[in-house]
Amino acid sequence: MSLRRAAVVALLAFPASGAIADAPPPEPAGYRTADYRAPVPATVNGNPALTTEQAAALWRQRTALFIDTLPQPPRPRELPDGTIWHPMPRNDIPGSIWLPDTGYGELPAPMAEYFGRNLREATAGDKNRTLVFYCLANCWMSWNAAKRAASLGYARADWYAEGTDGWARQDLPLEHRNPVPRPVE
């Protein structure tokens, strides 16, 4: 075998470093219930994830409602009474609503009601309104939430998989956001 042919065979037999690892996982049939910070599929409900350019265009046109699903950490239980605790601030895509903890694979009944009620209120009951769910890159929370919104009858539940990480990489604006109070608060 010639040296050139051996090199070609070697290249075909051994893909470039990371080529296989970089392929997105397949879209699962159900919700993701563990390892929420892991590589995500390229689609949700069979629809491709929005690119940063597509999400930014929807944002600029004001034709979509952006919904952040990043969890908000609870106050640590071990803090003594009277201790002031400030959760880490969240910077979001301007105009978004933050529905924390709505992207888990299994939601307790009060959180499922919170999610549905806030979607109804934010869309004024319009299930054809374009919704864009996001959190961070490689975060299944927004994937689960987009899937859940579709199961509730929202026909245009889009998913921006890069989230605020992709948004910030493109130097798009972010603003401080407080979450919509959860049922336990």
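This is a predicted model: local features need pLDDT of at least 70, side-chain atom pairs count only at pLDDT 80 or more; totals for chains, interfaces and linings use all residues.

**Charges over rings**

I started with Lys-127: its charged end sits over the ring of Tyr-154, 5.4 Å from the ring centre. To count here, NZ of Lys or CZ of Arg has to be within 6 Å of the ring centre and within 35 degrees of the ring normal. I also found the charged end of Arg-148 over the ring of Tyr-31, at 4.5 Å from the centre.

Residues are numbered from 1 along each chain as its sequence is written, and side-chain values use heavy atoms, with hydrogens and water left out.

**The sheet**

What is the strand order in the open sheet? I read β5-β3-β6-β7, four strands with parallel pairing. My helices (H or I, at least four residues) and strands (E, at least two) are DSSP runs, numbered from the N terminus. Two strands pair if DSSP finds at least two bridges between them. β5 (97-98) and β7 (157-159) are the edge strands, each with a single partner, so one side of each has no neighbour in the sheet.

I then looked at β3 and its partners. β3 (residues 64-68) pairs with β6 (residues 130-134) in the parallel sense over five bridges. Phe-66 has Val-132 of β6 as its bridge partner, and Asp-68 has Tyr-134 in β6. On the β5 side, β3 pairs in the parallel sense over two bridges, and there Asp-68 stands opposite Trp-98.

Is β3 buried or exposed? Five of its five residues are buried, so the strand is largely enclosed by the rest of the structure. Buried means under 20% relative accessible area, exposed means over 50%, and partly exposed is in between (1.4 Å probe, protein chains only). Both faces of β3 are covered: I listed Ala-64, Phe-66 and Asp-68 on one side, Leu-65 and Ile-67 on the other.

**Helices on the sheet**

Helix α4 (residues 140-151) lies across β6 and β7 and runs at about 165 degrees to β7. Axes are lines fitted to C-alpha atoms, for helices over the stretch in contact, and angles run from 0 to 180 degrees between N-to-C directions.

I checked the length of α3 next. Its 15 residues should span 21 Å at 1.5 Å a residue, and the end C-alpha atoms are 21 Å apart, which agrees. The expected span is 1.5 Å times one less than the number of residues.

Which residues of α3 are buried? I noted Met-111, Tyr-114, Phe-115, Gly-116, Asn-118, Leu-119 and Thr-123. Their cover includes β3, β5, β6 and α4, with contact meaning heavy atoms within 4.5 Å.

**Positive phi**

Ala-124 lies in the loop between α3 and β6 and counts as exposed at 73% relative accessibility. I flagged Asp-35 as well, a residue other than glycine with a positive phi near 50 degrees. Asp-35 is in the loop between α1 and β1, and at 58% relative accessibility Asp-35 counts as exposed.

**Aromatic pairs**

How many aromatic pairs does a search of the whole structure find? I got seven. Rings of Phe, Tyr and Trp (its six-membered ring) pair if their centres lie within 6.5 Å; planes under 30 degrees apart are stacked, over 60 edge-to-face, and the rest tilted.

Tyr-36 and Tyr-104 have ring centres 5.3 Å apart and planes at 85 degrees, so I logged the pair as edge-to-face. Tyr-36 is in the loop between α1 (3-13) and β1 (43-44) and Tyr-104 in the loop between β5 and α3, so the pair ties together parts 68 residues apart in sequence. Tyr-36 is buried, at 17% relative accessible area, whereas Tyr-104 is partly exposed at 30%.

I also looked up Trp-59 and Trp-167, an edge-to-face pair with 5.5 Å centre to centre and 90 degrees between the planes. This pair links distant parts of the chain, with Trp-59 in α2 (residues 52-61) and Trp-167 in α5 (residues 163-169), 108 residues apart. Trp-59 counts as partly exposed at 22%, while Trp-167 is buried at 0%. Last entry: Trp-59, Phe-66, Tyr-134, Tyr-160 and Trp-167 form one aromatic cluster.
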